[in-house]
Amino acid sequence: MMSLLRQVRHMSTAASAPSGFLKVSAEQIKPLLLANQHIFAKVHMHNNAYLVTKGDQMRLPYRFKGLKVGDVINFEHVSQIGSRDHVFQGDKYISQDHFNIKGVVTALTAEPMTTHVHHRIKDKGYTRTQRKVPQTIIRISELELKA
Amino acid sequence: MIRTSRLLRVSRVAVSRSRLITCAPRSFTSDHKPKTPPQAPTMDPTALRYPNSDLSVNLRDVAKGDYLVPGDLARQSPALKTLHARLGLPEALPLSTLAQCLTCPEADTVGEDGRKLADNYGMSVFGGSLLKYHVTEKFVVQYPRLPLPILNSLLDSHLSLRSLTRLAESWGVETDRRSAFERHMSNDSLANTLGYLRYKPVEDDVSNASKDGVFDSYTPRSDVKKYNQKQKKNSQHNYDSQVYVFDSSAPEGYERSAARFVQALVAAIHAHVSRDEALKFIDNFILSRAVDVESLFSFNQPHKEIVRVCAREGLERPEARLMAETGRLSKAPVFVVGVFSGKHKLGEGQGASLAEAKIRASVNALKGYYLYSPIEQTRPQEEGYNGTFIDKGPVVI
Amino acid sequence: MSARPAYQTVARNLNGVGNFVLQCKKVTFRYCNWGGSSDGMRQYLDKNLQKIAAQNPEIEFVAVKDIGHPFIRGEFVNGAEKTICCKNKHPRFINGKFEMLKSSDGAPRKQMKSPVESINESVRGIWSPYHTDPKARHKI
C-alpha cells in the first residue's frame, strides 16, 4: 500500500553548541538544491524569526536606526532553509556561504493611531493612551540557495 | 520612391520572352545554392545616426522632419527628469529620447518651430519585438513542457497592452489628453508639457477628459475592484491577481499608448546604451513580476489527456485508485484519489465525489507534467548555453 | 482538446523584487507671503528647498504661493494624496513630514495582522488528515 507519509528529513549536526554558523558540504545540500529554488527561509531580526519566501512583504512593528527607503538589507541570521521535503536546520544559524537572501525597504510608515484604554478595577476609572506603532515594510527581493 | 515605369518595362519583357520549359527531374544537389551567402544591403552609418538629416534620402520609412526635442529644453521638464531618476535609467539615455518615448503616433503635438514632435512608433515596434523575444525565451527555458496556449497566456500576462499599461502606471506616468490648441491656450511652456504620455484619445477618452480634468493619472481601479471582489468569492485560488474580462468601457487608446511607451523605452535603452542593458531592464521590470502559472490551466478531459501523455512517454497506462476516504454516505464525503502509473503516483486529488476526486487527481498529474522546470536554466543568450530541453509537443486527445 | 488557458491575467508588480521605484512622485509646498502661519514654511523653503530637491531627483517639487495656511502635500504613484497642514509649525516639523511622505508608499495605513504577507502558496504544504499513518489516524 502506498504510504501517505511525507518524508521530512532534517539535515543537521547537533554536536556543537548553538549560536554558530553551520557549514556543510555540497553533497549534503544536494536534496535541497533539487527543489529548484522553491524554498522558504527562516530569517532572524532582533531575535524574532520570520518565515519568508521570495517576493514576500514583511511588515515589522519597529524601525531600524539609519535605515532609509530603498536600502538593501542582506540577511545574515538565517536558521532554517527548507523545501517541501527537506529542511536544512542550522546550528542556530546557517553559514552565509550557502544562501543569498536580500530584502529592500519599500516603506517606513506606521499603523493607524489606536487608543488603548486601561480600565482600573471596579469601575474606578480608566486612562487612555494613544499609540502609533511604527512599521518597516521590507520586500524580499532575492532568496536563493547556493551550493 | 518606386520607379514604376522601369518595373513595368521589366515585367513586359518577362512576359514576352517566357515559354514553358520542361526539364528532366534531377537529383538533389547543392549546385543551385548561391556560392556566396546573400549580403545585407549596406547602410550609411551616419544616415542611421541622424535620421532627420538629408543623408536619410535612401531610407524610405524614416519620418523626415519630425521635431526631436533638444536636450536643454528636455532638461527643463521636471516630469521627465523625475521619471528618468525614478526608473534608474542609465545616464547615456538622454531626456529628449525619453520625451520621444512618451509621444505616441497621431498625438496632437507641436514643436517649437511648428513641426510635429517625433513619436515612438518605430521604437515601440522594435522594443515590442525585443520584449516578446526575451520574455518568451525566459519562459520557454523555464517551462519547456508548457502547452502553447498556456505559454501564450503566460506571455500575455506579462506583455499584453493592459499589463504594460499597469507597469507604466506603477512608474507614475501621467497622461496629457489635451489637443494642441488647448495646450497653446493654457500658456504652458513646451518644457512643462513634456514628460506626460501624449496620444490621440478615442471617443471615450475625450468624454472622460472633460470630466476628470487635464493632468490626471488614470486610475482604473474602479472597474477592477468590482471584478476582483466577484472573483474572490467564487474562485478556488486565493491568489490575488488582477483578473480581467476585457472591459469595453475602458478607453482603448490609453492602453495602446501606455504599452507603446514601455516598448519604446526598451528600444531607447537598446539604442543608446547596449543590448545587454536593455535585456537587464526587461529582467528587472517585466520578468520580476509574479504570475501564478498553475492557475492558468483549464482542462477539458484531463484523464483522457494523462492517458495519452503516459502512452507517449512509454509509461504504464495510468489508473485512478482510491487512496483514502471518509464519510461516503454522509453529507460531506471526502475521497482522496491518486493517479498511478504502475507503482508510481503521478498525481493526487481530493473531492466530494469519486468523479470529482479523479478529475482533480488527473489535473494535478497533468500540471506536474506540464510545469516541469529544469534546475539548470541557461538561456540561449547567456554564456555556457548548452542547449535546452525540447518538448515532444502537444498531446492529441 | 488539451489544456487551454482559464482566463487572462495581468502579472502582478512586486516593487523591490527587480528594481525599486520610489512611490512618492511629487511634493507640493504651499506658503503665503503675508500670513504669520507660513513663517516656518517660508524659512524652510528658503534654506532647504534646493538642497532636498538635489538630494531627491525622483521627486518633483512644487512651491505654490497662495492665500491661506501652508501645507505640504505628497502625491504617490498609486494616485493617493496626503496633505498635512503646517500652520504655525517650525521647519523641523516640516522636514519631519517631508521625510514621512518620502518614506511612505501611498497605501492607507493598516494594522499588522501577521508580519509576513505572501502571494506564494506554502512551501511545505497544508497538513491533511488523510495523509497521516493509517494506524495513527483518528477513528470515529
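The model is predicted, so local features need pLDDT of at least 70 and side-chain atom pairs count only at pLDDT 80 or more, while totals for chains, interfaces and linings use all residues. Residues are numbered from 1 along each chain as its sequence is written, chains are lettered from A and ligands numbered from 1 in the order in which they are written, and side-chain values use heavy atoms, with hydrogens and water left out.

Begin by selecting A:Asp97 and A:Lys23, whose side chains meet in a salt bridge at 2.8 Å, N to O (a side-chain nitrogen of Lys or Arg within 4 Å of a carboxyl oxygen of Asp or Glu). This pair links distant parts of the chain, 74 residues apart, with A:Asp97 in the loop between β9 and β10 and A:Lys23 in the loop between β2 and α1 (helices are DSSP runs of H or I, at least four residues, and strands runs of E, at least two, numbered from the N terminus). A:Lys23 is exposed at 53%, whereas A:Asp97, at 44%, is partly exposed (relative accessible area: buried under 20%, exposed over 50%, partly exposed in between, with a 1.4 Å probe and protein chains only).

Next, in chain B, select B:Arg360 and B:Glu356, which form a salt bridge of 2.9 Å, N to O, and which both lie in helix α16 (residues 354–370), 4 residues apart.

Finally, select helix α4 of chain B, residues 78–86, where the buried residues include B:Leu80, B:Leu83 and B:Arg86; just after this helix, B:Gly88 takes a positive phi of about 65°.
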